[in-house]
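Reader: I am new to this structure and would like to learn how its features are read. May we go through them one at a time?

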Amino acid sequence: MAYEKKPAAGGAPQRRRFGRRKGCRFCGDNTLKIEYKELRNLRYFISERGKIVPRRISGNCAEHQRKVTAAIKLARNIALLPFTSGHSFD
Amino acid sequence: MMRTYETIFIVEPSLVGEEYTAIIDKFKGVLTDQGANILKIDEWGTRKLAYMVKKQNRGTYVLAAYEAPPQAIKEFERRMRIDEAIIKFQTVHLEKGLEPVAEVKDVAAAADDQDSDED
């Protein structure tokens with residue numbers, strides 16, 4: 001992804017950037033499971049509105065973003081996650 | 001041919017105690033009648049739904065994993081559709097089979113399980 005890009009103004013001249021992008025958390029830690037039942041891991045990837053957080057923000061790699069998306073959609077089907085926050089009761 | 005599936009279904013939250021266990025047993029029975037081999041039944045207990053389903057905002061989640069021939073799913077789902085105690089269900093085919101899980105799947109909140117498994 002964006003790793004190879006020229007760092008924006010203010011970045012170090014080398015490839016090393018400080019802070020900012022953490023990279024794909026699932027690639028870094030393979031104990032994390034992406035499953036529709038693992039709500040704890042999925043929560044991070046939905047916005048307050050219930051939308052799926054895009055890859056440019058979540059920092060996931062393509063493969064894991066795809067899995068996260070599929071898992072969120074499964075979880076939505078079975079009412080574990082909301083489709084939208086617009087229909088909240090109480 | 002047997003495949004491993006996982007069905008998660010939501011039981012009407014107003015059913016408790018005996019009625020509830022009767023429903024679980026009934027569907028266990030349906031599965032075994034269809035030639036399925038039940039691997040595990042996980043009862044998550046009653047939790048809040050993310051949105052209204054059949055005018056309910058809570059539901060009792062039950063997760064069943066089993067090995068069954070593909071035709072069994074059809075019948076199983078048909079039965080669940082008929083039964084009014086089941087408000088929603090979803091079946092997923094587990095391509096890698098059932099992973100042995102060491103973690104505790106328990107009731108309530110979204111932040112429940114302690115990830116203590118190694119893979």
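Reader: In what order do the elements of chain A run from the N terminus on?

Author: Helices (H or I, at least four residues) and strands (E, at least two) are DSSP runs, numbered from the N terminus. In chain A the elements run α-α-α-α, with four helices and zero strands. This is a predicted model, in which local features need pLDDT of at least 70, side-chain atom pairs count only at pLDDT 80 or more, and totals for chains, interfaces and linings use all residues. Residues are numbered from 1 along each chain as its sequence is written, while chains are lettered from A and ligands numbered from 1 in the order in which they are written.

Reader: Where in chain A is confidence lowest, and where is it highest?

Author: The term pLDDT is the predictor's confidence in each residue, from 0 to 100. Confidence is lowest in helix H1 (residues 25-28) of chain A, at a mean of 86, and highest in helix H4 (residues 62-77) of chain A, at 92. For chain A the mean pLDDT is 78, and 71% of its residues reach 70 or more.

Reader: Is Ala79(A) buried or exposed?

Author: A residue is buried if 20 or more other C-beta atoms lie within 10 Å of its own, exposed if 12 or fewer, and partly exposed in between, with C-beta atoms placed from the backbone. Ala79(A) counts as buried because it has 24 C-beta neighbours inside 10 Å. Ala79(A) lies in the segment after H4 of chain A and has a positive phi of about 65°, although it is not a glycine. Of the 90 residues of chain A, 19% count as buried.

Reader: What is the order of the strands in the open sheet of chain B?

Author: Strands of a sheet pair through backbone hydrogen bonds, either parallel or antiparallel. Here, two strands pair if DSSP finds at least two bridges between them. The open sheet of four strands has the order S2-S3-S1-S4 (chain B), with antiparallel pairing. S2 and S4 of chain B stand at the edges, each with a single partner strand, so one side of each is left without a neighbour in the sheet.

Reader: How many bridges join S1(B) to S4(B)?

Author: Seven bridges join S1(B) to S4(B), and these strands run antiparallel. Ile8(B) stands opposite Gln90(B) in S4(B). S2(B) and S3(B) also pair in the antiparallel sense, over 11 bridges, and Asn37(B) stands opposite Glu67(B) in S3(B).

Reader: What lies between S2(B) and S3(B) in their hairpin?

Author: The hairpin has two residues between the strands, and Lys54(B) takes a positive phi near 50°. Lys55(B) lies in the loop between S2 and S3 of chain B, and its phi, near 60°, is a positive value in a residue other than glycine. With 7 C-beta neighbours inside 10 Å, Lys55(B) counts as exposed.

Reader: How many residues of chain B are in contact with chain A?

Author: Two residues are in contact if their C-beta atoms, placed from the backbone, lie within 7 Å. By this rule, 16 residues of chain B are in contact with 14 residues of chain A. The elements that give two or more residues to the side of chain B that touches chain A are strand S1 (3-11), strand S2 (37-53), strand S3 (56-68) and strand S4 (86-93) of chain B. S2(B) gives the most to this side, with five residues.
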